Amino acid sequence: MDKLFVPLVIVSQIFAIAILVLLGIWTGVTLGGFAWDGSMKHFNFHPLLMVLGMVILNGDGILVFRLFPMFSKYTSKLIHLILQGIVVIMGGIALKAVFAYQNANNWDNVHTVHSWVGFTTYLMFGLQWICGFLIFFFPKLSEDYRGAYMPLHRYFGLALFALAIVSAISGIQEEIMFHTEVPKGRKYNDRQLIGDIMGLVIVAFALIVGYLVTNKEYQRKEKSLENDDEKQPLAGTEMKQTSSGSIQAADP
């Protein structure tokens with residue numbers, strides 16, 4: 001494996017931690033904290049959960065198959081499924097928060113490019129998760145259908161991650177433009193400066209994740225069929241009889 005792999009993984013997680021810290025400061029301090037009362041504090045759940053879910057957990061969920069080569073593919077799939085499922089739940093709560101805030105202030109919902117792209121991305125992400133669950137986990141389609149769908153699953157996984165980054169950056173910019181006043185004599189206030197830095201770190205995190213996932217040198221090395229539970233389906237092991245009379249797991 002390329003010598004850059006481990007350093008890049010470490011840097012990606014440093015960026016993820018940096019995003020988390022900046023996000024906490026931005027929403028918990030400079031934007032005023034949190035409350036479920038229809039105020040601006042209610043809105044703050046939206047950027048917190050969306051960035052934490054659609055950016056950080058989503059990115060690490062995509063990296064699962066690269067980060068843990070010591071795990072079986074069966075285990076990696078379960079981790080991937082669970083992480084992406086958590087992202088769906090967090091995104092739903094984040095949307096509930098922003099809709100409640102806007103309704104409380106008599107504002108229209110989904111009326112900007114950020115909201116259109118972000119809402120579409122979330123709906124497609126949820127559909128992607130449902131399709132993956134039904135096709136690969138339960139009830140699990142036949143091997144031919146799973147093989148035909150896998151390239152689409154991989155493509156849309158990366159495409160939706162990219163759209164999530166676009167949504168996050170546009171959302172940060174929208175928040176800065178709509179709710180930020182720069183004091184006289186200053187080029188930035190704290191809200192704008194932290195938001196800008198966080199946006200740059202999000203882009204850096206996304207670039208590294210994209211490189212790690214698309215570089216073929218970092219793909220899992222396939223094991224022999226006799227000892228490889230990567231050939232087991234998620235919901236259980238299907239067995240088939242070989243020509244020699246031995247039993248082995250069917251390829252998912």
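We'll go through the core, a surface patch and some backbone details of this predicted model.

Trainee: Which residues touch the most other members of the largest nonpolar core?
Mentor: The general idea is that in soluble globular proteins, nonpolar side chains tend to be buried together. Here the largest nonpolar core has 30 residues, and Val55 and Ile202 touch the most other members. Two or more residues come from each of H1, helix H3 (45-67), helix H6 (143-179) and helix H7 (190-214). H7 gives the largest share, 10 residues.

Trainee: What does Ile202 touch, leaving out residues up to four places away in sequence?
Mentor: Its contacts include Ile19, Val51, Val55 and Ile165. There's also a second, separate core of 12 residues, with Met50, Ala94, Leu95 and Leu160 among them.

Trainee: Which residues make the nonpolar surface patch?
Mentor: Ile17, Val21, Ile25 and Val29 do, over about 360 Å². Ile25 sits in helix H1 (residues 5-30) and counts as partly exposed because its relative accessibility is 35%.

Trainee: How do I read the backbone?
Mentor: Most residues other than glycine have a negative phi, and most peptide bonds are trans. In this model, a cis peptide bond joins Phe138 and Pro139, with omega about 5°. Pro139 lies in the loop between helix H5 (113-137) and H6, and Lys140 is found in the loop between H5 and H6. Lys140 has a positive phi of about 70°.

Trainee: Is Lys140 buried or exposed?
Mentor: Buried, because its relative accessible area is 13%. Val110 also has a positive phi, near 50°, but it is partly exposed at 27%.

Conventions:
Residues numbered from 1 in each chain as written. Predicted model: local features only at pLDDT ≥ 70, side-chain atom pairs only at ≥ 80, totals over all residues. Heavy atoms only, no water. Patch = residues over 30% accessible without salt bridge, like charges linked within 9 Å, V, L, I, M, F, W, Y side chains within 5 Å. Areas by Shrake-Rupley, 256 points an atom, 1.4 Å probe, with all protein chains shown as cover. Salt bridge = Lys/Arg side-chain N within 4 Å of Asp/Glu carboxyl O. Helix = DSSP H or I, 4+ residues; strand = E, 2+ residues; numbered from the N terminus. Buried < 20%, exposed > 50% of the residue type's maximum accessible area, 1.4 Å probe, protein only. Core = buried A, V, L, I, M, F, W, Y, C linked by side-chain atoms within 4.5 Å. Contact = heavy atoms within 4.5 Å.
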